Amino acid sequence: MKRRVVISILGTTLDMGKWEDRWNRWRPNVGLCQQPGLFVDRLELIHDNHASPLARRIIGDIETVSPATQVRSNTINFRDPWDFSEVYTSLRDFARNYAFDPDAEDYLINITTGTHVAQICWFLLTEARIIPARLLQLSPPRDREPGQDFAGTHRIIDLDLSRYDEIAKRFASEREDAASFLKSGISTRNVAFNRMIDEIERVAIRSTAPVLLTGPTGAGKSQLARRIYELKKSERKASGAFVEVNCATLRGDQAMSTLFGHVKGAFTGAATERAGLLKSADQGVLFLDEIGELGLDEQAMCLRAIEEKRFLPVGADREVSADFQLLAGTNRDLGVEVAKGRFREDLYARLNLWTFRLPALRERREDIEPNLEFELKRFLEREGENITFNKEARERYLAFATGPQGVWNANFRDLSASVTRMATLAPHGRITTDVVDDEVQRLNAFWHTSSVKDADDATLQDLLGTEAAARLDRFDAVQLSAVIHACREHPTLSAAGRALFAQSRLEKKSSNDADRLSKYLARFDIRFDDIRRS
């Protein structure tokens, strides 16, 4: 059995009594050791220097009523026992220095004595689990029989709410409501996704640290970020606005001005002062989507703004402050970007405290059906028309959508667009097999085209960097992609050159295909060896 330990403040009024008649009145710390069914192995009695004589008297009386109880005296001198900051700090320091051993001892905190401030502090320290204890409330006897002692009664309050069935059920229901809210009310079936949403719900309510949402484009990062904000606002964890910015649209001075604001005259065209998005998100949530596209200078300023809640607008000589929670989204692997020198390691470390990867739709095929219903409801809300499937059409579409042919390159954006097209084309509000067959052909053609383009774009970004690739004209991008593809198919520069210049080299008596190819690649600061390694 565990030893029972009670921590209690000496009651300088309630525990008072010098003469023999003190036994004819209720004294909480003496009565505590007389409770039937509540034997106290050790009492930690807290008092100040001025109350030492009273403490010695109480300790002596406890030895009389409960000789087996060990009483230890603890001196804490409160300059002002009604000063919340002082009392809380003193009791917290006591708790931190106390050698708690929950495996061997059961702790109770007596909240009957001490000022109201002390009682509140005991509650807060226990609720925060700084003190691993339950609360003990003592009450004086009401109808005492003649000759009966003045022990009174007691009640133990356990702040572990999971132990209370009705409260636990209410909490579980509220958590389910919060998780459902984050999922937009969709009854998702993917176990890993549902587990992740449960974790996000707890983090959103309990933490103000940055949250990083990763995953492919169209996986729902933006929508989830807004739902996190709305949940935090409903829980009164955020009072300001939700500010969203796509970092891929920010370039050069515009990026600095958009994020951090500028003063009048900071640069050509700055006719008025601008607050900037970080300031607009004060007391709210800032969502930096595609944060991997930010330049290194902007990343450095963002890191300082996150850590110090202060930043310098463009052209300003005085800092401004903004206290916001940061949500960030990216479809890139920021760890890889750090290794390539494209993303700051210190900012990544700051963002990586809470990282949640949203899976692609093809990784959650069991969730396609409930999301199909959700998209039809959205169409009804948006267009005012209730669209349904006939049975065979629904089965045919779900078989395609959840099968291996369902690529879903753009994830939920593809699904939403697909449902919108079918609902718009549905004759008499009913999606038929003909509508489904047409849509399947449309999706297959679209996915084939986009997969080739995405692969080419990814290759260019990998070799040139995101900004340089974005500056290419489409003509150059297509031509360069074809050249890179040829280089990867051939083992040497000369072999690739012969394949690329097969027609033009026939018209020349002598040619140096390797030199021609090398010079072409040099226009983009690319070497053949770079392509072979990528």
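Predicted model: local features only at pLDDT ≥ 70, side-chain atom pairs only at ≥ 80, totals over all residues.
## The chain as a whole

Let's begin with the overall build. The chain holds 21 helices and 15 strands. Its C-alpha atoms fill a box of roughly 125 × 65 × 50 Å along the principal axes. The radius of gyration is 35 Å, whereas a compact globule of 534 residues would have one near 24 Å.

## Inside and outside

Of the 534 residues, 44% are buried. The chain exposes about 28,600 Å², and carbon and sulfur atoms supply 49% of that area.

Contacts tell us how the sequence folds back on itself. Among contacts with a separation of 6 or more, 70% are between residues 24 or more positions apart.

## A visit to helix α3

Now find α3, which covers residues 84-97.

Which residues of α3 are buried? They are E86, V87, S90, L91, F94 and A95. Looking down the helix axis, these buried residues fall within an arc of 165°, so they line one face of α3. Their cover includes the strands β1 (3-9), β2 (42-47) and β3 (70-75), along with helix α4 (116-127).

Turn to the face pointing away from the buried side, and you will find the exposed residues R96 and N97.

How values were computed: Residues numbered from 1 in each chain as written. Heavy atoms only, no water. Helix = DSSP H or I, 4+ residues; strand = E, 2+ residues; numbered from the N terminus. Expected span 1.5 Å × (residues − 1). Buried < 20%, exposed > 50% of the residue type's maximum accessible area, 1.4 Å probe, protein only. Arc of directions from axis to C-beta. Contact = heavy atoms within 4.5 Å. Rg over C-alpha atoms; globule rule 2.2 N^0.38 Å. Areas by Shrake-Rupley, 256 points an atom, 1.4 Å probe, with all protein chains shown as cover.
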